[in-house]
Amino acid sequence: ILDPAYPAARLLDYLEIAEPKALLHLKAAGEVPAELRELLERFSCPTLSLPNSSAPDLESFLDQYSSAAPAVKVGANDLAYISFTSGSTGKPKAVLGRHGPLTHFLPWWVETFSFSESDRFSLFSALSHDPLHRDVFTPLMIGAAVLIPPEDWQLPGKGARWMQENRISVSNLTPALGQVLTQGKAECPVDSLRYVFFVGE
């Protein structure tokens with residue numbers, strides 16, 4: 001995943017390492033930087049631009065594509081995603097995530113906590129951060145909603161208000177994010193929450 005908040009030079013490093021075969025471009029993320037477009041062309045990498053979820057033509061756009069499962073066999077040791085280290089040594093390193101751990105953990109997690117399509121997951125993780133796989137793949141797997149907060153959600157009381165207004169029922173947080181979200185909580189309790197999971201800082 002290419003986080004549009006990252007500098008183009010960092011995203012170029014990612015593409016050079018990953019050598020992608022295609023790019024799914026979310027129009028809501030803004031334009032693809034010119035440097036990235038040039039590199040994608042060099043890889044002969046086609047781009048599919050996905051309209052905003054609120055776009056009036058979204059359904060007709062999706063109707064162009066089959067809803068049947070692709071005829072592709074995927075094994076536990078096959079590559080599912082590539083994430084990257086922070087690059088503190090100068091260049092980011094690629095971390096290869098395989099299907100096995102995902103297909104083992106996600107069904108267990110869903111069954112253990114009785115998640116369903118009626119749940120609404122918050123996405124507080126950065127797009128390039130590994131909890132994203134849990135925060136996004138879980139709701140996608142069960143047909144639930146994943147909601148992205150506004151950029152200023154860390155202002156006192158704003159995150160909790162956003163969660164309440166959007167009826168968030170499942171949230172994954174670090175302790176520091178939990179502290180941010182509980183500022184001003186007396187004014188805005190998040191009654192919709194069923195679970196909050198805390199992970200390492």
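Does aspartate 152 count as buried, partly exposed or exposed, and what is its relative accessibility?

## Before we start

This is a predicted model, where local features need pLDDT of at least 70, side-chain atom pairs count only at pLDDT 80 or more, and totals for chains, interfaces and linings use all residues. Residues are numbered from 1 along each chain as its sequence is written, and side-chain values use heavy atoms, leaving out hydrogens and water.

## Salt bridges

Back to the question: aspartate 152 is partly exposed, at 31% relative accessibility. (Buried means under 20% relative accessible area, exposed over 50%, and partly exposed in between, with a 1.4 Å probe and protein chains only.) Its salt-bridge partner is lysine 158, with the closest N and O atoms 2.8 Å apart. Lysine 158 is partly exposed too, at 27%.

The structure has five salt bridges, each a side-chain nitrogen of Lys or Arg within 4 Å of a carboxyl oxygen of Asp or Glu. Another one joins aspartate 13 and lysine 91. These two sit 78 residues apart, aspartate 13 in helix H1 and lysine 91 in the loop between strands E3 and E4. (Helices, H or I with at least four residues, and strands, E with at least two, are DSSP runs numbered from the N terminus.) Aspartate 13 is buried at 17%, whereas lysine 91 is exposed at 52%.

## Strand E7

Look at residues 170-173: Val170 and Asn172 point one way, Ser171 and Leu173 the other, and all are buried. E7 pairs with E8 in the parallel sense over four bridges; pairing takes at least two bridges found by DSSP. Serine 171 has valine 196 in E8 as its bridge partner.
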